[in-house]
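Morning, everyone. I have one structure to walk you through, so please bring it up and follow along.

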Amino acid sequence: MAAQHLKTASGASRSLARSRPRYGEAAVKVVLLLAALVSIATTVGIVAALLEPTIEFFGEVSLGEFFGSTTWGPLFNPPAFGVWPIIVATVEITLIAIVVAVPLGLAAAIYLSEYATPRVRKIFKPVLEVLAGVPTVVFGFFALTFVTPVLQDVLPFLDLEAKNALSAGLLVGVMIIPIVASLSEDSMAAVPNGLREGSYALGASKMLTSVRVVVPAAFSGIVAAIILAVSRAAGETMIVAIAGGFKSVFTIYPGNEMATMAAFIAQAGSGDASVGSTAYKTIFAVGSLLFIMTFAMNYVSARMVQKYREVYD
Amino acid sequence: MAILSTPRSAVQLASRGRPLKEHLFRIALLASLAIAIVFLAMLIIYVVEEGWPRLDATLWENQPSIRRPETAGIQSGIFGTLWIIGLTALMALPTGILAAIYLEEYADKSKWYNRLIELNISNLAAVPSIVYGILGLGMIARWMQFGFTIMTGAITISLLVLPIVIISAREAIRAVPASIREGSLALGATQWQTIYRQVLPASIPGIATGSILALSRAIGEAAPFLMLGAATLVRFNPEGVWSSFSVLPLQIYSFITRPQEEFAILAAAAIVVLLAILLLMNSVAIWLRNRYQKRW
């Protein structure tokens, strides 16, 4: 909308301004481009940091053992390198988080976008921002010392361990609520009012309009928000390290302690593995796997927004 | 921009049919939002209550200690965090703002490399922070041989918050209407003069808000530092950029991992300090936005 006007306008004026060469102007552009290229260098740096130790790792541990067995314990003696337990734990905690965050975040987004008056929005949006700014160590502490004991008291039949996937997942879910809420709200706010008015004109109620018109019209943005939230949940480290624990047992029961991929990296990276050992290289192999998984999700999310975005002008 | 408010009369006409269901839906939506807010309130009340006995001067006067948790403090962590944030502000903010100016004012979107830069930034914004820790460990600490120092930590965190700074600065720059630029160009200003004298001053409040929020993210970050050898209870304050260090969130983590009850209290007290700093920064950001944000 406004951005497009701006683009065409500045494009037209740029050709006017460029009637004779201005070397200072060109130098400024180069400096700015260099600043933008720092981000490319970051990605190259991440890939470079991951690649070499990962290749060395797979020289020592076969792909078959890595993906073909279900015992994980690179820091044990004898070590075991079956990666499935930490993948399962990552997926499970992410699922719990999504079950918490998607309904709550989406409902909050619909409320803020469709129901709240500007004054109410002005109060609630900063609160969500504060929630988004709470450090994850704080959520981890809360999960370990408050949520888990409360759950153990209220739901004793769950047989929760002191560290467990359930509490960790719940708190990861709370952590990603603001992501789901604010990105979904942005895409709902971008739905033009004409669609809402058309729906009202046909006799639809406010609820029907929200659920059947606004949400479908903003769908690509909502899906992108959820994918982004999933990728944040999968990579979350401190909450799962504190409240989910470091034990890797091949289990799916959420009452058990289980280490995710990120938790393993944190544990091994904070000094439990000696530099150059196979265990040390495992950090980078798991890091590569995590990076590829989240990168794929982010890419899909970005493409969804680009490709399926309804453009209303 | 489309007008966002719905006509009152239309709503009243529409909601006459099924009032109960409509009300329940509205209440359910509000309840979802309330859950998040009540949760935040509970969290804050809980840590203040837990940490209350240790919220005194010894907390910031003393250094952390494994043997005497009842008098241990967090001074080295506070100083470490200040160093890291100061350097991050010096590195990430100029780079991010310059990159945002490039992408908004100069980049030709039909060129593949500009689209690559954009896609890359949105991808980087969602890379897990622990992976940035691996980047810091592999490239900065070991390959560039910066070791486990403040410098390594600050560069790593700068790269981590850079996408956030770029994205928010771009939004602020984009909000400046084209007519301002056209007016300036029509008066004979060059493109850079237009940006420097018109666009940037107009977008400073938005850029400042985004920058503060990005830095507050950097303050709370713990995971990358786990990889950068900052995990131990450092008992001295950093003396320069090549000094070893700890940061507040990581000290909190190391307190949490210890079994004694005193450490849990100490962790809660340190969390209160951390949250207070973050709340202050958030309030400044929100105040800036409400006070200076222009509606064009």
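Let's start with two domain centres. In chain A, the C-alpha centres of domain 1 and domain 2 lie 31 Å apart. Keep in mind that this is a predicted model. Domain 1 of chain A covers 2–60, and domain 2 covers 73–308.

How many residues does each domain of chain A bring to the contact? Domain 1 gives seven, and domain 2 gives eight. On the domain 1 side, four of the residues are nonpolar, one is polar and two are charged.

Now the chain as a whole. Chain A has 13 helices and two strands. Its C-alpha trace spans about 70 × 60 × 30 Å along the principal axes. Chain A has 313 residues, and 49% of them count as buried. Now take the contacts in chain A with a separation of 6 or more. Residues 24 or more positions apart make up 74% of those.

How confident is the predictor? For chain A the mean pLDDT is 87. In that chain, 91% of the residues reach 70 or more. Residues 1–11 of chain A are another matter, with pLDDT below 50. Beyond near neighbours in sequence, that stretch has ten contacts in the model.

Next, the two chains together. The contact takes 90 residues from chain A and 85 residues from chain B. Which helix of chain A gives the most to the side that touches chain B? That is helix H2, residues 23–60, with 18 residues. By class, this side of chain A has 58 nonpolar, 23 polar and nine charged residues.

On to the core. The largest nonpolar core holds 186 residues. Those with the most contacts inside it are Leu171(A), Val180(A), Ile239(A), Ile242(A) and Ile271(B). Helix H4 of chain A, residues 84–115, supplies the largest share, 17 residues. And where does this core lie relative to the two domains of chain A? Domain 1 and domain 2 of chain A both give residues to the core, so it lies between them.

Pick out Ile271(B) on your screen. Set aside its neighbours within four places in sequence. Ile271(B) is then in contact with Val138(A) and Phe141(A) from chain A. From chain B, Ile271(B) touches Val47(B), Gly51(B) and Ile252(B).

Just after H8(A) comes Gly203(A), with a positive phi of about 95°.

Last stop, Leu233(B). This residue lies in the loop between helix H10 (223–227) and helix H11 (248–256) of chain B. Is Leu233(B) buried, exposed or partly exposed? It has 18 other C-beta atoms within 10 Å. Buried needs 20 or more, and exposed means 12 or fewer. So Leu233(B) is partly exposed. Leaving aside neighbours within four places in sequence, Leu233(B) is in contact with Pro64(B), Ile66(B), Gln251(B) and Ser254(B).

Notes:
Residues are numbered from 1 along each chain as its sequence is written. Chains are lettered from A and ligands numbered from 1 in the order in which they are written. This is a predicted model: local features need pLDDT of at least 70, side-chain atom pairs count only at pLDDT 80 or more; totals for chains, interfaces and linings use all residues. Helices (H or I, at least four residues) and strands (E, at least two) are DSSP runs, numbered from the N terminus. Two residues are in contact if their C-beta atoms, placed from the backbone, lie within 7 Å. Ala, Val, Leu, Ile, Met, Phe, Trp, Tyr, Cys and Pro count as nonpolar, Asp, Glu, Lys and Arg as charged, and the others, Gly among them, as polar. Domain bounds come from an automatic or database domain assignment. pLDDT is the predictor's confidence in each residue, from 0 to 100. A nonpolar core is a set of buried Ala, Val, Leu, Ile, Met, Phe, Trp, Tyr and Cys residues joined through C-beta atoms within 7 Å.
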